[in-house]
Amino acid sequence: MSYTTTIKAGQVNNLTNARFFASYQVDWIGFDMDPLSTHTLNPDAAQEIMNWLVLDNLMGEFANRSVEEILHLAQLLNLRGAQVPYEVPTAALKRAHLTVIKTLALDMPVLPMALDTNHIDFLLVEPGKQEWSALDAHTQRTVQDWTEDVPVLLSVPPEQGMVEALLAQYEPAGINLLIPDEIRPGVQEFEPVLDLLEALSDTN
């Protein structure tokens with residue numbers, strides 16, 4: 001299956017979601033490896049999940065970890081990519097042949113005047129505590145400018161109308177699809193995600 005835009009599934013922390021996105025052949029499956037996150041997946045649990053998956057598009061979503069820890073976990077789990085906060089230096093990650101995504105939240109106190117695009121493959125833009133629809137005109141223009149400097153992924157929930165509007169407005173390289181929590185272990189509501197993936201399929 002292929003899509004009209006790059007799709008990264010984010011905050012994956014269980015086998016149900018991992019197998020779902022593997023079956024729908026999204027571009028990247030991101031596992032939350034931030035030890036302070038409510039969605040965090042510890043390395044042992046991540047290893048168990050990845051033993052079920054034979055894929056070359058698995059990515060760790062890292063925060064509150066050193067570059068050395070990231071490199072260690074990437075090698076241990078056979079990850080092909082690393083998503084890190086904007087301020088994390090990434091030269092060593094690129095030397096390790098990882099695809100690198102830097103994240104930047106739009107509600108940070110001061111947005112960078114000029115992007116540091118060295119040693120990264122994508123910039124992942126998050127609205128932060130704001131809603132995408134609540135961004136002021138200046139911030140909207142800033143995001144549009146970034147899309148001209150580096151491939152940008154927009155972090156979005158699986159809401160088809162919102163996603164289609166954002167893709168039309170900003171023309172990013174793709175989206176980071178935030179996954180709802182499981183209803184209970186092993187049970188997930190996939191209908192909104194399925195509707196979105198169908199809408200973004202290049203067969204439509």
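Me: Which backbone nitrogen does the side chain of N14 reach?

Reply: The side chain of N14 reaches the backbone nitrogen of N17, at 2.8 Å. This is a predicted model, in which local features need pLDDT of at least 70 and side-chain atom pairs count only at pLDDT 80 or more, while totals for chains, interfaces and linings use all residues. Residues are numbered from 1 along each chain as its sequence is written, and side-chain values use heavy atoms, with hydrogens and water left out.

Me: What joins the side chains of N14 and N13?

Reply: A polar contact is a pair of N or O atoms within 3.5 Å; within protein, one must be able to donate a hydrogen and the other to accept it, and residues adjacent in sequence count only if both atoms are side-chain atoms. The side chains of N14 and N13 are joined by such a contact, at 3.0 Å.

Me: Where is N14 placed, and is N14 buried or exposed?

Reply: Helices (H or I, at least four residues) and strands (E, at least two) are DSSP runs, numbered from the N terminus. N14 sits in the loop between β1 (6-12) and α1 (15-23). For cover, buried means under 20% relative accessible area, exposed over 50%, and partly exposed in between (1.4 Å probe, protein chains only). N14 is buried because its relative accessible area is 9%.

Me: How many salt bridges does the structure hold?

Reply: A salt bridge is a side-chain nitrogen of Lys or Arg within 4 Å of a carboxyl oxygen of Asp or Glu. The structure holds three. One of them joins the side chains of K8 and E61, at 2.5 Å from N to O. This pair links distant parts of the chain, with K8 in strand β1 and E61 in strand β3 (residues 58-61), 53 residues apart. Both K8 and E61 are buried.

Me: Which residue forms a salt bridge with K94?

Reply: K94 pairs with D121, and their closest N and O atoms are 2.8 Å apart. K94 lies in helix α4 (residues 91-95) and D121 in the loop between β5 (99-105) and β6 (122-126), so the pair ties together parts that are 27 residues apart in sequence. K94 is partly exposed, with a relative accessible area of 27%, and D121 is also partly exposed, at 25%.

Me: Which residue forms a salt bridge with E69?

Reply: That residue is R65, and the closest N and O atoms of the pair are 3.8 Å apart. E69 counts as partly exposed because its relative accessibility is 36%.

Me: What is the phi of N64, and what is the phi of H119?

Reply: Most residues other than glycine have a negative phi. N64 is not a glycine, yet its phi is positive, about 55°. N64 lies in the loop between β3 and α3 (67-77). H119, not a glycine either, has a positive phi of about 60°. H119 is in the loop between β5 and β6, and its relative accessible area of 44% makes H119 partly exposed.

Me: How far apart are T5 and S201 in sequence and in space?

Reply: The two residues are 196 residues apart in sequence and 8.6 Å apart in space, C-alpha to C-alpha. T5 lies in the segment before β1. T5 is buried, with a relative accessible area of 10%.
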